[in-house]
Amino acid sequence: MPEPGVGFEYPPVEVTWLKRDVLLFANTIGATADELHFLYELHPDFAVFPTYPIILPFKKDSSEVVDFYASQKAVKIPDVPDFDSTRVVDGQRKMEFLKPLPVTSENRKFEIRQKVLGVYDKGRPGSVVETQTDLVDAKSGEVYSRMIGSAFFIAQGNWGGPKGPATENFPPPKGKAPDATLEHQTTPESALLYRLNGDYNPLHATPEPGKKMGFGGAIMHGLYSWNTTSHLLLKKLGGGDPSNIKEYQARFASPVKPGDKLVTQVWRTGEKKGDFEEIRFVTQVDGGKACLTNGRALIRVVAESKSKL
């Protein structure tokens with residue numbers, strides 16, 4: 001008997017973006033003036049930062065602020081309880097980069113095609129919904145990126161669903177010192193800027209939702225830490241070249257507060273898949289808990305980004 005919700009396909013959603021959206025995204029995840037290929041639309045190598053599609057399920061085809069809670073309630077998964085989208089946080093995200101994204105969707109039709117991989121009942125802590133989200137050229141059917149993600153609905157379990165499989169873990173290599181330590185400083189305004197990409201969850205803008213969820217106030221988007229860390233890794237190891245990253249994933253382990261400094265420890269495993277080397281990493285709040293664990297990327301290691309000014 002199939003498990004509840006598995007294989008359910010959401011209706012396709014058209015998504016759009018402009019060069020301005022691409023520039024904004026790169027600015028919000030920490031790209032700097034020596035990376036003009038992400039920050040200047042007339043640069044000869046102007047490119048979309050590879051993880052940009054992660055924002056499109058939130059942004060969709062709108063250039064205006066959207067009601068986050070209303071947008072999350074749109075489609076019910078059959079045979080699964082109605083979860084409260086005001087009490088949801090990211091669990092884990094993995095992204096595969098299959099084709100370079102054009103710098104604008106103008107004169108093209110792109111769709112998000114999403115299906116349910118599993119809905120898991122974790123008892124009192126809550127429930128997990130795991131999905132696969134493909135960014136597809138609707139005319140050609142080509143898939144540009146594939147995202148596997150899990151959403152954790154806090155304190156919404158005990159409905160009799162399956163517990164779900166054990167997750168595959170990618171811990172740091174035992175007894176090996178990090179090959180690099182990378183830092184990123186957030187500000188009190190970082191989440192307020194990042195949300196302009198299209199992820200307008202009030203949890204990241206105003207203190208009330210975070211207080212209700214036990215966080216004490218507003219917290220950073222999990223995907224902010226996820227994206228800023230991917231930027232640091234690509235710049236340090238892949239020379240800032242978007243073609244030098246094939247896969248990227250991390251689990252969201254604990255919240256980050258606006259103003260926190262993020263410290264990422266990086267290990268090269270030496271394991272290769274073709275030209276791409278497996279990289280493992282852990283990101284933590286400076287002096288505090290890990291916020292990203294199970295970090296793994298496949299990167300074609302070249303050198304640190306050289307100035308493109």
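The model is predicted, so local features need pLDDT of at least 70 and side-chain atom pairs count only at pLDDT 80 or more, while totals for chains, interfaces and linings use all residues. Residues are numbered from 1 along each chain as its sequence is written, and side-chain values use heavy atoms, with hydrogens and water left out.

**Second largest pocket**

- The volume of the second largest pocket is about 330 Å³. A pocket here is an open set of points on a 1 Å grid over the protein atoms alone, where a 1.4 Å probe fits, with protein on both sides within 12 Å along at least five of seven lines. The volume is the space filled by probe spheres set on the points, which are joined across faces, edges and corners.
- Its lining has 20 residues, and Lys 99, Pro 100, Leu 101, Pro 242 and Ser 243 lie nearest the centre; lining residues have an atom within 4 Å of a point.
- By class, the lining holds 15 nonpolar, two polar and three charged residues. Ala, Val, Leu, Ile, Met, Phe, Trp, Tyr, Cys and Pro count as nonpolar, Asp, Glu, Lys and Arg as charged, and the others, Gly among them, as polar.
- Strands E5 (143-154) and E7 (245-252) each supply at least two lining residues. Strands (E, at least two residues) and helices (H or I, at least four) are DSSP runs, numbered from the N terminus.

**Salt bridges between separate parts of the chain**

- The structure holds 18 salt bridges, each a side-chain nitrogen of Lys or Arg within 4 Å of a carboxyl oxygen of Asp or Glu.
- Lys 235 pairs with Glu 35, with the closest N and O atoms 3.6 Å apart. Lys 235 is in helix H7 (222-237) and Glu 35 in the loop between helices H1 (19-28) and H2 (36-39), 200 residues apart.
- Lys 235 is buried at 15% relative accessible area, and Glu 35 is buried at 0%. Buried means under 20%, exposed over 50% and partly exposed in between, with a 1.4 Å probe and protein chains only.
- Lys 99 pairs with Glu 142 at 3.5 Å between the closest N and O atoms. Lys 99 lies in the loop between E2 (88-97) and E3 (110-121) and Glu 142 in the loop between E4 (126-137) and E5, so the bridge ties together parts 43 residues apart in sequence.
- Lys 99 is partly exposed at 32%, as is Glu 142 at 35%.

**Salt-bridge network**

- Arg 296 and Glu 247 form a salt bridge at 3.2 Å, N to O. Arg 296 lies in strand E10 (290-299) and Glu 247 in E7, so the pair ties together parts 49 residues apart in sequence.
- Arg 296 and Glu 247 are both buried.
- Salt bridges with shared partners join Lys 94, Glu 96, Glu 247, Glu 278, Arg 280 and Arg 296 into one network.
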